[in-house]
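Here is a report on one protein chain.

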Amino acid sequence: MRIYENISKMSENRMPQRAYYIPYDTLEKALAGKKETSDYYKLLNGKWNFKYFKRDIDVPEKIDFKDMIDVPGVWQNFGYDNHWYTNVNYHFPVDPPFVPDDNPCGVYSRDFVIDEFWSFKKTYIVFEGVATCLFLYINGQYVGFSQGSRMQAEFDITKYVHLGENNVTARVLKYCCGSYMEDQDCFRMNGIFRDVYLLSRDIDHVNDVEIKADTKSLTVSAPEYEIYDGDKCLGKTVKDPILWNAEKPHLYTVVVKSGTEYIPFKVGMREVSISTEGEFLINGVSVKFHGVNHHDIHPKFGYYLPDEFMRSELLKMKDLNINTIRTSHYPPAPEFLNIVDELGFYVIEEADIETHGFSTMHASGFGVPGYGDTPDWICKQEEWEGAFLERAQRMVERDKNHPSIVIWSMGNESNYGRNFDAMIDYCHNRDNTRKTLYERAQVINDKCNIDIRSMMYTAVSDVERFVNNGDERPFMLVEYSHAMGNGPGDVADYIEKFYANKKFIGGCIWEWADHVVMKDGVQKYGGDSGEEIHDGNFCCDGLVFSDRSYKAGTLNAKYSYQYFAAELIGDKLKI
C-alpha cells in the first residue's frame, strides 16, 4: 500500500495542531498585528520553480526545473491538468482507500536564506493550504508529509536548515485517501493555494495557547500575558467588559510574552447558550441567523483569496444585512476568521469533510432516505474513525480562540455513522463554549448528541412540521433559498417563519458567489475544460456574481434580511 493510501497514517512528522498565531519580536509590532513586520516571520509566497508530471511514479530523483508558477495558486490556472467541476460524483473511481495509479504530481521548489539571527533558533515552515497531499523536502532531505487540504501543516525543519542559502521542495499529489473526504460541490483544483511561510522561534518557545472568555472573565493558558483594549493595558483582568456580538464586535488583545516572543490574540468576550425554549442565545439574547454559505473561490486565483479580497467581500455581506457565515464545507484561511472577528459575524465553521459521491455508488442510492443505507459509506467504517476525528480536532485546535465561531459543524452530505458520533463527542469534551451541528444527522432523526437540528432546502410549507416535531433543540436550515438563475425570491417567506418560532433560529442561503474559471476573459463552467463527468453551470448558484457584483436576487435578500419591519397604520408608522 502506498503511504498516501494508508488511512491510519494521515501525516508524518507534521507538528501537532496548535492555535493559529504569528510570533512578534516587539510588543509594539504585536499590538499593531501586521505579521509582515515581524522579524520572526518570513513569507515564501511568490514565484516558485515548478514541474508537472502526469504520474507521481514518473517523478525523477533530480528534476530539471524550467517553469515558474505562482504560490499561492492552483496549477490548473497555469495550463497544467484540467479544471474539473462536479457537484455529487467523485471524478475518480470509488474504491476507498485506493486512488488512481495515474496520480498527477506537481513539484514546487525555491530557495530561501537563513541569516545569522535565525540560525541560533528553531525554524518551522507552515503551509496553510495544499490540495491534496504534500511531501516536504528541505535541502534534498525528506522531512514529512501531510493530508487535509484546508488545514495548516507545520513542520519543524531546524535540523534540516543551515546558515545561508537553503532549498525547499514540495511534491504535491492530486489524489490521496483523503480525497474521499473532500468531495465538495466546487471546482476541483490542486496546488499550494494558501500562504507559505517560515517562523523563527525560541528554543523553548510556547507552543499552544488557549484563551477562554465569557461575559465575565477571560483566562489564558500561558502564564505571562497582558490584556489590551486598543493601546491601553488592562493587566490580566477586564472590568466591566464590552461584550462581543455581530452588531458590536468589540475585541480585546491578549499578548502572551514568552522568552523573546510577543504573541497577540484578538479576543471577544461573549457567551453561547441555548434557552429552555430552544432559542440560540448570544450573551443571553436570542439571535436569528441571517446567513449565507461561503466557498473559497476566486474567478482568477481559484482557491486562493487575497486578504484584501476577503475583506471586500465580507464588507459586502455586511451591506447585505448578512450576520452569519457557514464555511462550506471546510475551514477557511486563518485571515478570513481574523477579519470576521473584527467585522462581526456569527460563524458555523465546518470540518473538511464531504463524501457525497458515495450516494451514487449504487443505482438506487440517490434519493433513497439516508442516501441509501449501505455499509459503503466511510463514516460507518471503524477503520476511518481516526481520519474523520482528525479533521474535527485540527479545526477546533487551530480556531478555538475565535469569538466569531459559535458552532462547530462536522461536515456536509456524508450520511451518518459512528465516526460522526466520535467527532461530536470530541467537540463537546474539548470545547463546551460552542454548540455542534451536522445536517445529515436527520437521516437518523437526529437521535445523536448533536446540539442543533438542521435540514436543507425544506419547503416553506413544510418547515413548521419539522420545527414543531416535539424535539426541543433549536432548528435551522444550513442551506436554503438556492440562489441560481433568478433566485432567490423566497427569502422573505422563510424570514417570516424564522421569527414566528423561537426554536427556528434561521438559515444560510446557498450560496455566496458563482464559481467560474476565467479563460481569456470568458467565464467557464463545468464541462468547458473537457471533463468527462461534470455538472455544467450548476456552479453558478451564488447570491452575487463571480466578481461579487450584485444580482436582483442579491437585493431581494438584502431587503428580506433587514433587521426591522415597518407598516403604516392610519397616520402612524409601526416599526
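The text below covers the fold, the surface and the salt bridges.

**Overall fold**

The model is predicted. Its protein chain holds 9 helices and 36 strands. The radius of gyration is 24 Å, close to the 25 Å that the globule rule gives for 575 residues, so the chain is as compact as a globular protein of that length. Along its principal axes, the C-alpha trace spans about 80 × 65 × 50 Å.

Among contacts with a separation of 6 or more, 74% join residues 24 or more positions apart.

**Burial and surface**

Of the 575 residues, 60% count as buried. The chain exposes about 22,400 Å². Carbon and sulfur atoms supply 50% of that area.

**Charge**

The chain carries 63 positive and 88 negative charges.

Side chains of opposite charge can pair when their charged atoms come close. How many salt bridges does a search of the whole structure find? The search finds 42. Three of them are set out here.

| Acidic residue | Basic residue | Closest N to O distance |
| Asp 25 | Lys 29 | 3.1 Å |
| Asp 70 | Lys 47 | 2.7 Å |

Take Asp 25 and Lys 29, which form a salt bridge. Asp 25 is buried, with a relative accessible area of 16%. That value is under the 20% cut-off for burial. Lys 29 is at 23% and counts as partly exposed.

Next come Asp 70 and Lys 47, also joined by a salt bridge. Asp 70 lies in strand β4 (residues 67-71) and Lys 47 in strand β3 (residues 46-53), so the pair ties together parts that are 23 residues apart in sequence. Asp 70 is partly exposed, at 28% relative accessibility. Lys 47 is at 52% and counts as exposed.

Salt bridges that share partners join Asp 208, Glu 210, Glu 397, Lys 400 and Arg 430.

Note on methods: Residues are numbered from 1 along each chain as its sequence is written. This is a predicted model: local features need pLDDT of at least 70, side-chain atom pairs count only at pLDDT 80 or more; totals for chains, interfaces and linings use all residues. Side-chain values use heavy atoms; hydrogens and water are left out. Helices (H or I, at least four residues) and strands (E, at least two) are DSSP runs, numbered from the N terminus. The radius of gyration is taken over C-alpha atoms; the globule rule is 2.2 Å times the number of residues to the power 0.38. Buried means under 20% relative accessible area, exposed over 50%, partly exposed in between (1.4 Å probe, protein chains only). Contact means heavy atoms within 4.5 Å. Accessible areas come from the Shrake-Rupley method with a 1.4 Å probe; for residues, only the protein chains shown count as cover. Lys and Arg count as positive and Asp and Glu as negative; His and the chain ends are not counted. The place of a charge is taken as NZ of Lys, CZ of Arg, CG of Asp or CD of Glu. A salt bridge is a side-chain nitrogen of Lys or Arg within 4 Å of a carboxyl oxygen of Asp or Glu.
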